[in-house]
Amino acid sequence: MILFMARVFGEIDNVPVGSTFVNRRELYDARVHRELQAGICGGQDGAESIVVSGGYADDEDNGDEIIYTGQGGQDPNTRKQVKDQTLTKGNVGLARSKLEGYLVRVVRGAGGDEVFSPSKGLRYDGLYRVADFWHEPGIDGPRVWRFRLVIDKEASSPPEVNGFEDPGPVGRRSVTTQRPVRSLAVAQRVKRLHDYTCQICRTRITTPAGGYAEAAHIRGLGEPHNGTDVESNVLCLCPNHHVMLDTGAIYVDPDWTVWDTATGNVVGTLQRIARHRVDPQQLAYHKAHYAP
């Protein structure tokens with residue numbers, strides 16, 4: 001459990017996985033989710049908890065993995081998305097939890113996916129980590145922020161009862177997550193082609209064991225981005241620019257200009273070589289999901 005400016009990241013004492021609550025007031029009083037209406041409890045310092053209850057049409061609940069829609073932009077009467085969401089309030093909190101590695105408490109409420117949600121009230125379903133975030137046009141048209149949360153199985157394991165494993169919360173189902181298999185050969189070749197030099201800042205990190213760089217996929221592998229593990233979808237970057245690319249802090253235009261998302265300033269030009277073709281379509285996908 002991590003305490004930070006009155007927020008509690010992680011488990012709440014004496015509230016085991018599978019605990020149920022009649023309503024949001026009980027949930028609030030137990031400190032599991034300290035918001036009576038909002039689905040995200042968080043801010044600039046991170047998000048501590050979310051409620052999954054079918055409030056947004058774009059939500060996808062697959063049990064151990066959730067594609068969660070950010071908050072904001074809904075018409076309060078029709079619950080249709082009428083405005084683009086912004087990376088503020090709870091949305092920026094979830095993004096911050098990804099950067100800081102904070103685990104997020106997930107509560108499911110009646111009204112969510114019937115396979116994984118309780119038939120009534122609310123249920124605490126354990127700790128999830130924010131694996132990715134991006135934006136894209138939602139089902140109703142305006143852009144929404146989306147967050148992929150994956151269960152932390154070690155932190156969310158149910159207790160043993162009388163020597164036998166507890167079956168877990170009612171409504172939970174086993175879900176097999178397909179994890180993308182990354183090719184070390186592809187990553188190594190791209191890095192060697194660039195002599196372990198960052199394609200953005202031209203930095204080459206030299207260690208006692210030789211050069212160091214990171215292979216960054218432009219379009220993420222696996223669900224929901226379904227990028228391919230090929231050289232044209234990989235950049236050779238320093239650790240700083242790898243993180244910035246993954247989080248949308250930078251993006252690359254078709255003319256190879258690298259932009260800072262927050263300031264709108266030019267960072268530089270993507271360095272290219274003849275033996276490593278970078279696919280402009282992958283860059284366009286990244287820009288569409290991360291640029292302002």
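Me: Which residues of helix H4 (239-246) are buried?
Reply: The model is predicted: local features need pLDDT of at least 70, side-chain atom pairs count only at pLDDT 80 or more, and totals for chains, interfaces and linings use all residues. Residues are numbered from 1 along each chain as its sequence is written, and side-chain values use heavy atoms, without hydrogens or water. Helices (H or I, at least four residues) and strands (E, at least two) are DSSP runs, numbered from the N terminus. With buried set at under 20% relative accessible area (exposed over 50%, partly exposed in between; 1.4 Å probe, protein chains only), H4 has His241, His242 and Leu245.

Me: Why do the buried residues of H4 line one face of the helix?
Reply: Look down the axis of H4 and take the directions from that axis to the C-beta atoms. The buried residues line one face because those directions fall within an arc of 110°.

Me: Which helix is included in what covers the buried residues of H4?
Reply: Contact here means heavy atoms within 4.5 Å. The cover includes strands E15 (214-217), E16 (234-237), E17 (250-252) and E19 (266-269). The helix included is H5 (280-290).

Me: Which residue with a positive phi follows H4?
Reply: Its phi is near 80°. The residue is Gly248.

Me: Which residues of strand E4 (residues 40-43) are buried on each side?
Reply: In a regular strand, side chains alternate between the two faces of the sheet. Both faces of E4 are covered. One side has Ile40 and Gly42, the other Cys41 and Gly43.

Me: What is the bridge partner of Ile40 in E5?
Reply: Strands pair if DSSP finds at least two bridges between them. E4 and E5 (residues 46-52) run antiparallel, joined by four bridges. A hairpin links E4 to E5 through two residues. The partner of Ile40 in E5 is Ile50.

Me: Which residue has a positive phi in the turn between E6 and E7?
Reply: E6 (residues 60-61) and E7 run antiparallel, joined by two bridges. Glu60 has Ile67 as its bridge partner in E7. Three residues lie between the strands of this hairpin, and the one with a phi of about 85° is Gly63.

Me: Which residue of E10 is the bridge partner of Thr69?
Reply: E7 also pairs with E10 (143-151). The sense is antiparallel, over five bridges. Across from Thr69, the E10 partner is Arg146.
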